[in-house]
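Subject: Handing over the model

Hi there,

Here is the structure I promised to pass on to you. Please open it alongside this message, and then read on for my notes.

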Amino acid sequence: MTLDIAVVLPEVPRLLAACVPTLAVAAAALLAGLAGALLLTLLRLLKFAPLSAVIGVLTSAVFGTPPLLVIFVSYYVLPLAGIDLPPLAAGTLAIGLISACFLAEVMRAGLATIPDGQVEAGVALGLRGHAIWGRIILPQLLRVMAPNIVNEFTVVVKATALLSAITVTELMRTAQQIYAVNYRPLETLLVAAAIYAAVNLAASAVAAFLDRSRSRPRSAAGARRRSTS
Amino acid sequence: MIDVDLAPAYADLLGRGYLLTVAISFGAIVFALFLAVPLAMLRLGASAKLAWIAVALVEAVRSLPFLVFLLLVHFSMPLIGYRTPAWASGLIALSLYGAAYFSEALRAAYRAVSRGQLEAAAALGLSRTVVLFRVIGPQMVAPFAPVARVNAIMLLKESAVLSIITVPELTHASLRIQAETFATVPTWITVALLYWSITAALATLFTRIERGLSIGAHRRSVRRSEVAARYLDLAPAPASSGERRNAAAVLQLPRSTISRGKSRHGTVGR
């Protein structure tokens, strides 16, 4: 057996096209994850002990079990509860849930970076709760979280490959379909791997850039922006 | 709903799957830790060319879904003359995948130790081995351990993917039982609990190691005003606990405490 990458060149357009479902699922799952994380954080802020306990158990269960298992449960068990989702939706839901739990933990860490004075000033000015959250805390929180969110995108992109196991025709499953026909698994997988690597390395570069701009003091960054424009 | 009669018949299958999952993931964690050391040394070493190769390898592996990496390894084994059984491909792939992650963590931990420590050791004329094992090494434990814990748990969870190449581990066993009995819910719950137990064991193990080996690691406890706590604190912390923890940290402060820069962003783990 030899490595002959030329045999898969005709399949490259098909693999590139398969990026669309992969990226769409990843984007949807990340958005669902962010919304879910916000919801979990707000619910925990109620400081209602039983609710916090339930969220704690949920988070621990999701972190404690393999993503593949969460995906299988979402696909095979939800229908028993009367929620019969197509593979794509079930998979997106599962990845979104895992993301939500992780991003909620990031949010918790992010909240620790916000100084007391910010909230106290808001209260002193007579702002209502939703304004303090929406106008003061959330913008700063998202700024602090930005690199983690982009990093989470790479995690989510990697998780979408698991959806091939529940018959979602994304990049990975397309590659499997191709090598089932041309008997060239290695070459086909190398092309798929190159595509995954390109997407994720680009995202990592964005995350690294955001991380650098985060650690720069904001006033200095603003000054630089003003002086250059 | 939970059919108890089924349990004994399939306990054996499940038990074997559980043991295989534990064996493969613990084996992979150990191999990965050993492989990570030379990789990290290449990255930190003097040769720019070797460092570049190591970076390229690590970054490439880390950017791939484990399933893709696993199949690449599985299908490329015949190229180098071996037709490995699925479990062996799985173990190799999991070890290599883990090595990429652990080497990155090692490199970051090395960078986290302040330059001054290296310079002071050099100024004292300590040998390279002594510097590595007595000066830098112990200080690397604190930044390395939490990341290593996250990576170890990740490897355990990725081992479920081996079911796709028919390794009869826990997930594979559960799929089989489910297909034969249609007892979907009890099977998944059992398997989830089994995974959960291994994750918890791993987390405890690494936390023990962390506590046992690290020096100069101190917990940062945030104490907030009442007003701010309403918006920024997620748990109703008992008023005295923060103070007590702080006091404990002060009392245990070792001579060599190094005020390590913020642990503000990086410490979140899965």
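What is the mean pLDDT of chain B, and what percentage of its residues reach 70 or more? The model is a predicted one, and for chain B the mean comes to 82, with 81% of residues at 70 or more. For the complex, the predictor reports an ipTM of 0.88 and a pTM of 0.83.

Two stretches call for care. Residues 216–220 of chain B have pLDDT below 50, and this stretch makes seven contacts in the model beyond near neighbours in sequence. Residues 238–270 of chain B also stay under 50, and there the model has 35 contacts beyond four places in sequence. Where pLDDT is low, the predicted coordinates should not be read in detail.

Now to chain A. Its secondary structure consists of 10 helices and zero strands. The C-alpha trace of chain A spans about 70 × 55 × 25 Å along its principal axes. Of the 229 residues in chain A, 47% are buried. If you take the chain A contacts between residues at least 6 apart in sequence, 79% of them join residues at least 24 apart. Chain A exposes about 10500 Å², and 69% of that comes from carbon and sulfur atoms.

The largest nonpolar core has 131 residues, and the members that touch the most others are A:Ile137, B:Phe66 and B:Phe102. Helix α4 of chain B gives the most to this core, with 13 residues. Leaving out residues up to four places away in sequence, A:Ile137 touches residues of both chains, among them A:Leu111, A:Val119, B:Tyr231 and B:Leu232.

Is B:Ser89 buried or exposed? This serine is found in helix α4 (residues 86–112) of chain B, and it counts as buried because its relative accessibility is 0%. Beyond four places in sequence, the contacts of B:Ser89 include B:Leu70, B:Val73, B:His74 and B:Ile165.

Finally, the surface. A nonpolar patch there is formed by A:Leu3, A:Ile5, A:Leu190, B:Leu79, B:Ile80 and B:Tyr82, which together have about 560 Å² of accessible area. One of these, A:Leu190, lies in helix α9 (residues 185–215) of chain A and is partly exposed, with a relative accessible area of 32%.

Happy to talk any of this through.

Best wishes

Technical notes: Residues are numbered from 1 along each chain as its sequence is written. Chains are lettered from A and ligands numbered from 1 in the order in which they are written. This is a predicted model: local features need pLDDT of at least 70, side-chain atom pairs count only at pLDDT 80 or more; totals for chains, interfaces and linings use all residues. Side-chain values use heavy atoms; hydrogens and water are left out. pLDDT is the predictor's confidence in each residue, from 0 to 100. Contact means heavy atoms within 4.5 Å. Helices (H or I, at least four residues) and strands (E, at least two) are DSSP runs, numbered from the N terminus. Buried means under 20% relative accessible area, exposed over 50%, partly exposed in between (1.4 Å probe, protein chains only). Patches are made of residues with over 30% relative accessible area and no salt bridge: like charges are joined within 9 Å, nonpolar side chains (Val, Leu, Ile, Met, Phe, Trp, Tyr) within 5 Å. Accessible areas come from the Shrake-Rupley method with a 1.4 Å probe; for residues, only the protein chains shown count as cover. A salt bridge is a side-chain nitrogen of Lys or Arg within 4 Å of a carboxyl oxygen of Asp or Glu. A nonpolar core is a set of buried Ala, Val, Leu, Ile, Met, Phe, Trp, Tyr and Cys residues joined through side-chain atoms within 4.5 Å.
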